[in-house]
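Q: Can you walk me through this model? Keep it quick.

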Amino acid sequence: MKLVGWEHLLDDLNLIIRDIRETHKKDSESAPQTTVADELKENLKAIENFKGSRDEKLVVLYCKQLGINYKNLSDEEFRWIVLFLSFLFLPFN
């Protein structure tokens, strides 16, 4: 599954986050060096090589973002996550 157009969005997010981090570099509660955008970019690259259906790839990505081990999901948990994600990706009318 190739997510076309995401690269530009992630690059823009990285620039914005870097600017904010630079501005707040000296704050005592500065953000960690790894950003959410960095983690998302890494996870998107990981699922590109994942062998599975579109639903499986989306569930793997969702699990990676939440820190859940995909391999430990029961069939029922997998189905619930697919159902949940299908509601997230419904077109808005």
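A: Contact here means heavy atoms within 4.5 Å. The model is predicted: local features need pLDDT of at least 70, side-chain atom pairs count only at pLDDT 80 or more, and totals for chains, interfaces and linings use all residues. Residues are numbered from 1 along each chain as its sequence is written, and side-chain values use heavy atoms, with hydrogens and water left out.

Q: OK, which residues is L73 in contact with, leaving aside neighbours within four places in sequence?
A: V59, C63, I68, F78 and I81.

Q: Which residues make up the largest nonpolar core?
A: Seven residues: L58, V59, C63, L73, I81, V82 and L85. A nonpolar core is a set of buried Ala, Val, Leu, Ile, Met, Phe, Trp, Tyr and Cys residues joined through side-chain atoms within 4.5 Å. Buried means under 20% relative accessible area, exposed over 50%, partly exposed in between (1.4 Å probe, protein chains only).

Q: What is the pattern along the sequence?
A: The chain reads α-α-α-α, with four helices and zero strands. Helices (H or I, at least four residues) and strands (E, at least two) are DSSP runs, numbered from the N terminus.

Q: Tell me about α4. How many residues does it have?
A: Helix α4 has 14, residues 75-88. Its first and last C-alpha atoms are 20 Å apart, close to the 20 Å expected at 1.5 Å a residue. That expected span is 1.5 Å times one less than the number of residues.

Q: Which residues of α4 are buried?
A: I81, V82 and L85. They sit on the same side of α4, because they cover an arc of only 105° around the axis. The arc is that of the directions from the helix axis to the C-beta atoms.

Q: And the other side of α4?
A: R79, W80 and F87 are exposed there.

Q: What covers the buried residues of α4?
A: The cover includes α3, residues 54-66.

Q: Switching to K64. Where is it?
A: K64 is in helix α3. It is partly exposed, at 39% relative accessible area. Not counting residues up to four places away in sequence, K64 touches N43 and A46.

Q: Last one: which elements have the lowest and highest mean pLDDT?
A: Helix α1 (residues 6-23) is lowest at 70, and α3 is highest at 87. pLDDT is the predictor's confidence in each residue, from 0 to 100. The chain averages 77, and 70% of the residues score at least 70.
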